Amino acid sequence: SAAALTLPPPLLDPVVANVVRVDERTAEQERLPRQQVWRVVPTAHKPTAPRWVIGSLVHEALAAWRFPDAGFAVWAEARARGHGVTDHAQLKDAVNESQKLLARFQATRLYQEMATATRRLAEVPYSYCVDGRPENGIMDALFERNGEWTIVEFKTDRLRHDADLEKMLREKDYRAQAERYRRAITRLLNVTPRVVLCLLDYAHGVRVEKTE
């Protein structure tokens, strides 16, 4: 496995008032209560799992660097139940969809780069001051390969064409978020990383979008 990275002290600075949160996941983690119990109720005759549940399973699997194998279905079903899914059809769909998205990713060049990285980290938090105000966020993945650092953000939104992608980027401001991540790593690690957006459900395939 990739070697662990010792992060510099700025990544461990305490968070104070008036924090700038650059992503939804950071804000979500700060909401109370930290643990909530959900029950997902199917509304269709042949229900499918909510996309947020599938997205959570995929992100958890990627953070653990876990991919479809003999024990994956049992793990994924247990995690789906943990997210409140109890309906048999929804559980089956959550397992199948998460397996499909992860298998797609394994067929990409980005997966090979991450699998052979010198250092690879998941769910990377950071905090530092920008113009006197703390800014914090959580990056999906950060890895080093051949001396180059790459930030990866994984998205499981179902997109069918470029118009869907542009709408998502515009509404969720992912380009600005990517630039904040780039700025943070440049400042904290004294390197200039590339930033890629990995779309796991784009036109029935995977699209890796580099941000400038």
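Arg109 is exposed, with a relative accessible area of 68% (buried means under 20%, exposed over 50% and partly exposed in between, for a 1.4 Å probe and protein chains only). The structure is a predicted model, in which local features need pLDDT of at least 70 and side-chain atom pairs count only at pLDDT 80 or more, while totals for chains, interfaces and linings use all residues. Residues are numbered from 1 along each chain as its sequence is written, and side-chain values use heavy atoms, with hydrogens and water left out.

**Overall organisation**

The chain contains seven helices and six strands (DSSP runs numbered from the N terminus: H or I of at least four residues for helices, E of at least two for strands). Their order along the sequence is β-α-α-α-α-α-β-β-β-α-α-β-β. Of the 212 residues, 45% count as buried. Among contacts (heavy atoms within 4.5 Å) between residues at least 6 apart in sequence, 69% join residues at least 24 apart.

**Salt bridges**

Side chains of opposite charge can pair when their charged atoms come close. A salt bridge is a side-chain nitrogen of Lys or Arg within 4 Å of a carboxyl oxygen of Asp or Glu, and the whole structure holds 19 of them.

| Pair | N to O distance |
|---|---|
| Asp201 and Arg104 | 3.1 Å |
| Glu113 and Arg109 | 3.4 Å |
| Arg207 and Glu209 | 2.9 Å |

Asp201 and Arg104 form a salt bridge through their side chains. Because Asp201 belongs to strand β5 and Arg104 to helix α4, this pair ties together parts that are 97 residues apart in sequence. Both residues are buried. They also belong to a network of salt bridges that links Arg51, Glu97, Lys100, Arg104, Arg158, Arg160 and Asp201.

In helix α5, Glu113 and Arg109 are four residues apart, so about one helical turn separates them. Glu113 is buried, at 12% relative accessible area, whereas Arg109 is exposed. In the remaining tabulated pair, Arg207 counts as partly exposed at 25% relative accessibility.

Arg160, a member of the network, is found in the loop between β4 and α6 (162–172). Arg160 is partly exposed, with a relative accessible area of 33%. Leaving aside residues up to four places away in sequence, Arg160 touches Asp201, Ala203 and His204. The C-alpha atoms of Arg160 and Gly205 are 9.5 Å apart in space, although the two residues are 45 apart in sequence.

**Nonpolar cores**

A nonpolar core is a set of buried Ala, Val, Leu, Ile, Met, Phe, Trp, Tyr and Cys residues joined through side-chain atoms within 4.5 Å. The largest has 30 residues, of which Leu62, Phe105, Leu110, Met114, Val152, Phe154 and Leu200 touch the most other members. At least two residues of this core come from each of α2 (51–63), α3 (72–82), α4 (88–106), α5 (109–115), β3 (133–145), β4 (148–155) and β5 (194–202). A second, separate core of 14 residues includes Met139, Ala178, Tyr181 and Ala184.

Not counting residues up to four places away in sequence, Leu200 has contacts that include Val58, Leu62, Leu101, Arg104, Phe105 and Phe154.

**Packing of α2 and α3**

Helices α2 and α3 pack at an angle of about 125°, with their axes 10 Å apart (axes are lines fitted to C-alpha atoms, for helices over the stretch in contact, and angles run from 0 to 180 degrees between N-to-C directions). The contact involves Val53, Leu57, Glu60 and Ala61 of α2 and Phe72, Trp75, Ala76, Arg79 and Ala80 of α3.
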